[in-house]
Amino acid sequence: MRRTTFRTMTATAAGLTLAATAATAQAAGPDPDDDVAGADRYPAGLLRAMTDDLGVSKERAVERLDFQDDAAAAQERLREKLGDDFAGAWLDPELDRLFVATTGDAGGAVEAAVRAAGGRAVDARYSLDQLEGWAADLGDDAAAAVGVTGWHVDVQDNTLVVETLAGADARADVDDALAAAGVPSGAATVRTTAERPRVLDDVVGGNAYYINGASRCSVGFAVTDGFVTAGHCGSAGDPTSQPTGTFAGSSFPGDDYGYVQVGLGSTPVGAVNDWAGGQVAVAGAEPAPVGAQVCRSGSTSGWHCGTVEALDVSVSYAEGTVDGLIRTDVCAEPGDSGGSLLAGDQAQGVTSGGSGDCTSGGTTFFQPVGEILDAYDLTLVTG
């Protein structure tokens, strides 16, 4: 198999994506409610959201979800096998192809391992461990820089991305922060964003609940004795109603997760409101790769879908920096915070914050659910 460089892969994928998009649009013609083989493996509300937001047929939605399940498992196997040579992985959802970046030798065992897992190898200069290490080392220096809104690893470009507000005179501060973190020249890219991400704390996705009898947030995912949600929704000890409970733990900023224990009168259910009169059953919490298509449930804007753009993202909110988030192009609005992010039937995270809205589009960040479960030693309730 011929090895693909970043430059070649990007140009080729761009041309093929246009053709695949046109084909997908034609395939979206049939009624999405027609019977489709394999559709019973996924919640009907999830498939409807994908047909509405992503412009794909129900059949194509099932194909994508099947592929993503296989690719997520393959990514984890390859990360373990390649070790220090692993430089990240991502999906092309139009072509149903897994790309795996590696700093290893171009031939032999590395090539064979990626090919055996159904992936295409891509040359990389920096390993994922290196890039994530530099991102972590940016820390307080980047957060204190005027105009910096966040930073993350872009696995497709094999670079550390620092985002700044458009018009902000932040370049000198960013350069100082990168130098202090020991980031080599050429390993970082500075990009601008029109709006600073904000915490969406008016209400939360999924079913609503109330904190201190005043503010409103929403359930992320059920655990055996309660639920997880966004940390900025409440502090440890804060009471909740509908359902009645208490914040048993909360972390924000740094993280953005919270854990609410509910009373005996409430029954945690392993499902998410699909805002179409039904529920999406949750089957597990296997992390999805970059490029995976995901859907979010929120009480302000309902179901919306999009794509994972980056993992382990640091975001500089006005309240402080939050690390380790999932970045997506799924839209959200104030009131959607804490809501559920799903890849198929796999729980991914709870809504933290973002920018934009569901009219013009936007960027939304999610706190990974696995980190919340580990932090409080919780067990996810599945459907």
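Cys-358 is partly exposed, with a relative accessible area of 22%, where partly exposed means between the limits for buried (under 20% relative accessible area) and exposed (over 50%), computed with a 1.4 Å probe on protein chains only. The model is predicted, so local features need pLDDT of at least 70 and side-chain atom pairs count only at pLDDT 80 or more, while totals for chains, interfaces and linings use all residues. Residues are numbered from 1 along each chain as its sequence is written, and side-chain values use heavy atoms, with hydrogens and water left out.

**Disulfides**

The partner of Cys-358 is Cys-331, which is buried at a relative accessible area of 9%. Their bond is one of 3 disulfides found in a search of the whole structure, a disulfide being a pair of cysteine sulfur atoms within 2.5 Å.

| Pair | S to S distance |
|---|---|
| Cys-217 and Cys-233 | 2.2 Å |
| Cys-295 and Cys-305 | 2.0 Å |
| Cys-331 and Cys-358 | 2.1 Å |

The link of Cys-331 and Cys-358 is right-handed, with 95° about the S-S bond, and it connects distant parts of the chain, from the loop between β19 and β20 (340–343) to the loop between β21 and β22 (361–368), 27 residues apart. Strands here are DSSP runs of E with at least two residues, helices are runs of H or I with at least four, and both are numbered from the N terminus.

The link of Cys-217 and Cys-233 is left-handed, with -95° about the S-S bond. Because Cys-217 lies in strand β9 (residues 215–218) and Cys-233 in the loop between β11 (226–229) and β12 (239–241), this pair ties together parts that are 16 residues apart in sequence. Both Cys-217 and Cys-233 are buried.

The link of Cys-295 and Cys-305 is right-handed, with 100° about the S-S bond. Cys-295 is in strand β17 (residues 293–298) and Cys-305 in strand β18, so the parts tied together are 10 residues apart in sequence. Cys-295 counts as buried at 1% relative accessibility, as does Cys-305 at 8%.

Counting bonded cysteines along the chain, the disulfides follow the pattern 1-2, 3-4, 5-6.

**The chain as a whole**

The secondary structure comes to 7 helices and 22 strands, and buried residues make up 53% of the 383 residues in the chain. Among contacts (heavy atoms within 4.5 Å) between residues at least 6 apart in sequence, 62% join residues at least 24 apart.
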